[in-house]
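Me: I am new to this protein and would like a friendly walk through its fold. Could you take me through it one question at a time?

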Amino acid sequence: MLVGYGKEYQVIVVGAGHAGCEAALAAARMGCSTLLLTMGLDVVAMMSCNPAIGGLAKGHLVHEVDALGGEMALNIDATAIQFRRLNTRKGPAVRASRAQADRMAYSARMKKILETETNIDLKQGSVVALDVGENGVRGVHTKEGLYFSGQNIVLTTGTFMRGLIHVGLQNYSGGRAGEPASEGLSDCLRDLGFRVGRLKTGTPARLSQRSIDFDKLQKQTGDELVRGFSFLNETTRMDQLSCYIANTNEKTHEIIRRNLHRSPLYAGVIEGVGPRYCPSIEDKVVRFPERSSHQTFLEPEGRESSEIYPSGMSTSLPPDVQLAFYRSMVGLEQVEIMRPGYAIEYDFVEPLQLKKSLETKNVAGLFHAGQINGTSGYEEAAAQGLVAGINAARRSREKPAMILGRDQAYIGVMIDDLTTQSTHEPYRMFTSRSEYRLLLREDNADQRLTPLGREVGLVDDQRWQKYEQKQGAFDLVLKVLAAQRVSTSQKDTVEALGLDALKQGLSFKEILRRPEIGIEQLVPFAEELSHCDAEVLEQLEIAVKYEGYIQRQQQMIERMENLEGQRLPEDVDYLLVSGLSQEVKEKLCEVKPETLGQASRIQGVTPAAIAVLSVYVKRWKKE
């Protein structure tokens, strides 16, 4: 018997993974009554794979979530056990932050944040069906027999929809090891007309810390000075745990090759497509036969845990084979496996069926975020969850959706990729996916997005005040760099800066453009610089040294603005538009682009087709 809960929510979020947590917090902090339903209250924001946040491009996403007022950056800063900045010797576009997390502490803190948020009801329940009427969603049905009424629903189902776990040739239903799969919701979505596909991902075994000989391994420590992810936090020092580097060898690879027939991947048992950019260890051995060794980082799962995560070693081989190949590695000769690795297949909904707001085109008020859209990674999920939560809240207030452009954020790049190109494998963010990556850096995420976060109601007074102070310092010192000069007569300054004899005076800005001069060298000669923190100094140096390249990318954006500004009517039947090839018509009907700019990025849509559409838009506007 179905029982109504007797309360209507403005936003219901299904699933309390990284996407669900951000979606629920965003909606609640924007003033909406919000219900967060999870199949397990003890596994909120659980890191089911790598216990880490950030990395190349992923760190950019976390900074952007933070700049908009999300929680992920604050959560990892509070629960991390090691911090590292990557690519510090490379260009600013690809510098990235990464932190090892205390897995259980990360989950516990996020759960506490959700429990103490006034507008959130956090409840355990398994959603099996959606209630959809003529005007869109109306509520959800749970396996426990409850009905919850809601104006907007955000689905963040992760790997749980019809999840199937593979360990060797054995398989069983599950959304994660030890947790049940979600049944019924996939069928409900199919019945509503959605195209549902199948993907696969995997995780490595967890190793016992006391069974590893760390003296034989290469130690990897964290950065001495810790710069967290959140713009609210200061650079500091902290007690950090070390990671260790181990390597496979020919013996490891031979054990794997001998047992490929016992792998569900190579035995043809697994149907779903796996992540090309994060292959299993058996995939690596088969695809790269010339490699005699593959590296793995042994990462602690927490301060109070003895489990070790061997990064890059995901596998679905049987447990006995896993134990054998681990014990073939130096330092792991006596290793014990605490949890075997496994692969998991799950349903996802093709993201071409989404608007850029992450609301579905088929059903009004229904939003999708995270792995249900075919993405992989906690960071990609959190970013989508934040956008979906914001837009669900805005819809409940009858406000227009917040849409992030490709020139504004990596979040915008990701959503545009998904809604324009779709994905046939788990989508992972890379800096190379952005054509404006010099503009979309970690350090300036607050400049790009905090004013927007303030506008939608997620950036509180404390964050806004800090942003204004930082921006004020940046603007002031940039003027100082342009105004303050070194004359030919200031020989001591010229010598101290290591400059050749000057033929004419130079501004500090002109001096800083020189590749051999860093902004730290100018600090003793400008009092305003000495009052700036490291983050502002770094941002100033990038702004000056890369000014020409940044201006060039701004010009690219301006050229694209014309196409992005031309909206296409929602109800257009492209099959009736003359001058388009049949292939282009079919592509446009499938994607239903929102703007000419989006249409131009659809694979197979030619410049000639865009010219035809441009004429069509002008006629449509006149009508």
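Me: Which residues of H12 are buried?
Reply: This is a predicted model, where local features need pLDDT of at least 70, side-chain atom pairs count only at pLDDT 80 or more, and totals for chains, interfaces and linings use all residues. Residues are numbered from 1 along each chain as its sequence is written, and side-chain values use heavy atoms, with hydrogens and water left out. Buried means under 20% relative accessible area, exposed over 50%, and partly exposed in between (1.4 Å probe, protein chains only). In H12 the buried residues are Arg-463, Trp-464, Tyr-467, Lys-470, Gln-471, Phe-474, Val-477, Val-480 and Leu-481.

Me: How far apart are the end C-alpha atoms of helix H12?
Reply: Helices (H or I, at least four residues) and strands (E, at least two) are DSSP runs, numbered from the N terminus. The expected span of a helix is 1.5 Å times one less than its number of residues. H12 covers residues 461-483, so its 23 residues should span 33 Å, and this agrees with the distance between its end C-alpha atoms, 33 Å.

Me: Which helices do the buried residues of H11 pack against?
Reply: H11 runs over residues 445-456, and its end C-alpha atoms are 16 Å apart, in agreement with the 16 Å that its 12 residues should span. Its buried residues include Ala-445, Leu-449, Leu-452 and Val-456. Taking contact as heavy atoms within 4.5 Å, the buried residues of H11 pack against helix H2 (58-67), helix H9 (378-396), H12 and helix H16 (534-545).

Me: Which residue lies 8.2 Å from Ala-526, C-alpha to C-alpha?
Reply: Ala-526 sits in the loop between helix H14 (508-512) and helix H15 (527-530). Its relative accessibility is 2%, so Ala-526 counts as buried. Leaving out residues up to four places away in sequence, Ala-526 touches Gln-484 and Phe-508. The residue at 8.2 Å is 46 residues away along the chain: Val-480.

Me: Is Glu-299 buried or exposed?
Reply: Glu-299 belongs to strand S16 (residues 295-300). Beyond residues up to four places away in sequence, Glu-299 touches several others, among them Asn-50, Arg-98, Cys-243 and Tyr-309. Because its relative accessibility is 2%, Glu-299 counts as buried.

Me: What is the relative accessibility of Asp-131?
Reply: You will find Asp-131 in strand S7 (residues 127-133). Not counting residues up to four places away in sequence, Asp-131 touches Gly-136, Val-137, Arg-138, Gly-139, His-141 and Tyr-147. Asp-131 counts as buried because its relative accessibility is 15%.

Me: How far is the C-alpha atom of Arg-257 from that of Glu-282?
Reply: Arg-257 lies in helix H6 (residues 250-258) and counts as partly exposed, at 34% relative accessibility. Setting aside neighbours within four places in sequence, Arg-257 is in contact with Glu-250 and Val-285. Glu-282 is 25 residues from Arg-257 along the chain, and their C-alpha atoms are separated by 7.6 Å.

Me: What is phi of Asn-87?
Reply: Most residues other than glycine have a negative phi. Asn-87 lies in the loop between strand S4 (80-86) and strand S5 (96-101). At 22% relative accessibility, Asn-87 counts as partly exposed. Although Asn-87 is not a glycine, its phi is positive, about 60 degrees.

Me: Where does Arg-162 lie?
Reply: Arg-162 is a residue other than glycine with a positive phi, near 50 degrees. At 33% relative accessibility, Arg-162 counts as partly exposed. Its place is the loop between strand S9 (146-155) and strand S10 (164-167).

Me: What is the radius of gyration of the protein chain?
Reply: The radius of gyration is taken over C-alpha atoms, and the globule rule is 2.2 Å times the number of residues to the power 0.38. For 623 residues, a compact globule would come near 25 Å, which agrees with the value for the protein chain, 26 Å.

Me: How many helices and strands does the protein chain have?
Reply: The C-alpha trace spans about 90 × 75 × 50 Å along its principal axes. Of the 623 residues, 57% are buried. The secondary structure comes to 20 helices and 22 strands.
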